[in-house]
Amino acid sequence: MLNFVGVVTSGLQKAGMFMQKDTYRQQYQEKLGFIPYNGTLNVKLKNDVEINIKEKYNDKLKIIKGNENLGDVYFLEAVIYTVNKEVSEKGAILFPTKTVHKIDTIEFVAKNRLREKMNLKDNSQVIVSIDY
């Protein structure tokens, strides 16, 4: 298991628009077993950590296929925890082929709205865990 520590940051509020697209929604249901909350939780990784998904996680990566207008979205199943590990939620880290985020910021999706369920605000510290 690999753990990353990061802090919650606000995004551009555009992910929700993409999460609603039928092209993606159907595939999330099939491949994750749930339709994610209409948006992502942005987590800026601490200590200048970057995730190179192609090298270490290539065999665990799954893909949500886009279409002629929407890019593909790679994802890794993961779990997010509050820093004290009292609250957690299963979900996935998204790696959209079209993104404005730097490699040190991940987008996490889950069935529930994580800011509410986990009582998170900007700068709240979280742990993201990936099985490998």
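Leaving aside residues up to four places away in sequence, which residues does Ser88 touch?

Modeller: Ser88 touches Val79, Ile80, Tyr81, Lys117 and Met118, where a contact means heavy atoms within 4.5 Å. The model is a predicted one, in which local features need pLDDT of at least 70 and side-chain atom pairs count only at pLDDT 80 or more, whereas totals for chains, interfaces and linings use all residues. Numbering starts from 1 along each chain as its sequence is written, and side-chain values use heavy atoms, with hydrogens and water left out.

Ser88 lies in strand S5; helices (H or I, at least four residues) and strands (E, at least two) are DSSP runs numbered from the N terminus. With a relative accessible area of 34%, Ser88 is partly exposed; buried means under 20%, exposed over 50%, and partly exposed in between, with a 1.4 Å probe and protein chains only. The C-alpha atom of Ser88 is 9.2 Å from that of Leu114, a residue 26 positions away along the chain.

Strand S5 (residues 88-96) runs antiparallel to strand S4 (residues 73-82), and 9 bridges join the two; strands count as paired if DSSP finds at least two bridges between them. S4 and S5 make a hairpin with 5 residues between them, and Lys85 in the turn has a positive phi of about 65 degrees. S5 also pairs with strand S6 (residues 105-110), again in the antiparallel sense, over 4 bridges. Leu94 illustrates both pairings: this S5 residue is the bridge partner of Phe75, and its bridge partner in S6 is Glu107.

Another residue of S5 is involved in a charged pair. Glu89 forms a salt bridge with Lys117, the closest N and O atoms being 2.3 Å apart; the term requires a side-chain nitrogen of Lys or Arg within 4 Å of a carboxyl oxygen of Asp or Glu. This pair links distant parts of the chain, with Glu89 in strand S5 and Lys117 in helix H4, 28 residues apart. Glu89 is buried, at a relative accessible area of 8%, whereas Lys117 is partly exposed at 40%. Lys117 is also one of the residues that Ser88 touches. Side chains of opposite charge can pair when their charged atoms come close.

The whole structure contains 5 salt bridges. Among them is the pair Lys44 and Asp104, whose closest N and O atoms are 2.6 Å apart. Lys44 belongs to strand S2 (residues 41-45) and Asp104 to the loop between S5 and S6, so that this pair, too, links distant parts of the chain, 60 residues apart. Lys44 is partly exposed at 35% relative accessibility, and Asp104 is buried at 13%. Arg115 and Asp122 also meet in a salt bridge, at 2.6 Å from N to O; Arg115 is partly exposed at 23%, as is Asp122 at 36%.

The nonpolar interior can be considered next. A nonpolar core is a set of buried Ala, Val, Leu, Ile, Met, Phe, Trp, Tyr and Cys residues joined through side-chain atoms within 4.5 Å. The largest such core has 20 residues, of which Leu41, Val43, Ile80, Ile93, Phe108, Leu114 and Val128 touch the most other members. At least two residues of this core come from each of strand S1 (2-9), S2, S4, S5, S6 and strand S7 (125-130). A second, separate core of 11 residues includes Leu32, Ile64, Phe75 and Ala92. In soluble globular proteins, nonpolar side chains tend to be buried together. Ile80 is one of the contacts of Ser88. Val79 and Ile80, both touched by Ser88, are also among the residues in contact with Val128 when neighbours within four places in sequence are set aside.

For the chain overall, there are 4 helices and 7 strands, following the pattern β-α-α-β-α-β-β-β-β-α-β along the sequence. Of its 132 residues, 41% count as buried. Among contacts with a separation of 6 or more, 65% join residues 24 or more positions apart. Confidence is given as pLDDT, the predictor's score for each residue from 0 to 100; the chain averages 82, and 78% of its residues reach 70 or more.
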